Amino acid sequence: MTERNAAPSSPSAPAGARAPAIELIRVNRRFVTPDGKSMTALRDFTMTVDDGEFVAVVGPTGCGKSTTLNLITGLDRPSGGEVRLYGNPVDGIDPRIGFVFQTDALFPWRNVIDNVVAGPLFREKDRSEAYALARRWLARVKLSGHETKYPHQLSGGMRKRVALAQTFINEPRILLMDEPFSALDVQTRVLMHEALLALWSESGASVVFVTHDLEEAITLADKVYVLTAGPATVKSVYRIELPRPRVAAEIRYQQDFIDISHTIWNDLRDEVMKGAARSEAAA
Amino acid sequence: MSGQQTSDMLAPPVPEFRPGTSDAEIEAAAARAERKRRLTVRFWQVLLLVVLLGGWEVLARAKIIDVFFFSSPSAIAERLVQWITQGADGTPLWFHVWVTIEEALLGFFSGFILGILAGVALGRNRMASDVLTIYIKVFNSVPRVVLAPIFILLFGLGLTSKVALSFVMVFFIVFSNAFQGVREADRALIANARILGASKWQLTRSVIVPSAMSWIFASLHVSFGFAIVGAIVGEFVGARHGIGVLIQIAGGAFDTAGMYAAIVIIMVVALVAEYAVTILENRLAKWRPVPLPDTQ
């Protein structure tokens, strides 16, 4: 294993010789619930994300999808197994990671540009340089002219674009997204898919995109992981061979898209039923 | 007025343009209505004041209420004018007022700053807060005014004892709000800042404290009131100058007009302070959504 530990900063190395961007190797994660009981969220979970690959993770609600992301960030530690980034075990929060949250994680007391500039300033970049960079990123997400507005003055889609700029400005090699667009309406969500695909294809980052929306997963990803109802483990993996660049607004009406989505749904459906039955029993 | 001749067989008849329904006219009407509503509110406010004060004065003059206990607006006004022009208790009035304000301000700022520091520090340190919570509860259960005699003994009749009393009044309010605010800070915001690269100190400064700020500000209005209470109670127990001393002297002389006059002065001071706090709050919290005008 050790000889595969390619240095993380060697983009010219051939893909086969490098360690994958993210590896989860037989990971277990147990929690202690507030009433003192141990609960397994992830069991024997194995996943590989190659450098520059876009991976989507779908599974029934509450199956432990978000837990996988927290393990990759280092905010949370596995109870068993190992999580590796570019061949090295995760130890604390890796600066190469960017994270887009499900809820609004913009700082409400900062205006748009101060939100975007947060990352570079936390990382002690020069102030004027950081602001110039933030302005460029705001232009790329088409928010020029809104620099001094506060998050509550923006629409949901605009807030998400600020969040994308806030994340991408750090130039993450690894991008983790936890149902980032689930709160948006369907039309805005399609626009966000377009924006995300454009940003991602230029950045070349490796992405793990957690969602419960199968069509969203197929639209965006190279590889879709289907998880079982909790405790989550990988049920199956599908490679999505749809050509890129993809047009998010149109792709869902293509026949091959429909076929793929039908195949995966047949697989996912059982788990969704199981998960729903369980959460209704617990209610 | 329609101009669409082609579909007049099928389309329902276009209603005639009615005067008074253009955008400009509707806006002007709305602005007029709003102005009128505001004037009406102001009118009733002034009328209520006139009725209350006038009623008080009339009842006092008609001897229906006892002026010995309730005084009268004219007597209070007279006493205020006398204090302003000739001073009270051998000292200019403004000096008494200034002494009380100084005590309250010093107590307020020291209590406010230390309250925030202690609240944030303890809110960030789970172990320390679990250990200390019980002691804080015990101290907090002491009614602050009973400390007044002790502080007078400890710090003397001067400024320090009143500042100390104001301080303990303010400190616990701000402390518990800051502590709560830190505890309630949004987990997603904290995670976001940490992943964006914030160090522990940056996290405290740029996420924890700002998100606790709305809690702290909620305590600000109350705590300045308490700062004044602390100063005045301290003056009751023992002091040479201050509004509390004026009330004490007036009470000793059965001078109800003087007592009410002192209360009027305190009201003015408290209202000015309240106004200043509101301005400060609006400046610091300009990121917050403006409440809809209809929800007042």
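Which residues of helix 8 of chain A are buried? That is a handy way into this predicted model, so here are some notes.

1. The buried residues of helix 8 in chain A are A:Ile260, A:Ile264, A:Leu268, A:Glu271 and A:Gly275. Look at the spacing of those numbers and keep the geometry in mind: an α-helix has 3.6 residues a turn, so residues three or four places apart point the same way.

2. What do those buried residues pack against? Their partners, also in chain A, are strand 3 (54–58), helix 7 (214–220), strand 9 (223–227) and strand 10 (234–239).

3. Now take helix 8 of chain A as a whole. It runs over residues 255–282, which makes 28 residues, and from first C-alpha to last it reaches 39 Å, close to the 40 Å expected at 1.5 Å a residue. Have a look at A:Leu268 while you're there: the helix bends by about 35 degrees at that residue, and A:Leu268 is also one of the buried ones.

4. Next, the meeting of the two chains. Here 19 residues of chain A are in contact with 14 residues of chain B. On the chain A side, the elements giving two or more residues are strand 6 (97–100) and helix 3 (118–122). Helix 3 of chain A gives the most, with three residues. By class, that side of chain A has 13 nonpolar, five polar and one charged residues.

5. Finally, chain B. Its domain assignment gives domain 1 (1–65) and domain 2 (73–288). Taken over C-alpha atoms, the centres of domain 1 and domain 2 of chain B are separated by 42 Å.

Conventions:
Residues are numbered from 1 along each chain as its sequence is written. Chains are lettered from A and ligands numbered from 1 in the order in which they are written. This is a predicted model: local features need pLDDT of at least 70, side-chain atom pairs count only at pLDDT 80 or more; totals for chains, interfaces and linings use all residues. Helices (H or I, at least four residues) and strands (E, at least two) are DSSP runs, numbered from the N terminus. The expected span of a helix is 1.5 Å times one less than its number of residues. The bend at a residue is the angle between axes fitted to the seven residues ending there and the seven starting there. A residue is buried if 20 or more other C-beta atoms lie within 10 Å of its own, exposed if 12 or fewer, and partly exposed in between; C-beta atoms are placed from the backbone. Two residues are in contact if their C-beta atoms, placed from the backbone, lie within 7 Å. Ala, Val, Leu, Ile, Met, Phe, Trp, Tyr, Cys and Pro count as nonpolar, Asp, Glu, Lys and Arg as charged, and the others, Gly among them, as polar. Domain bounds come from an automatic or database domain assignment.
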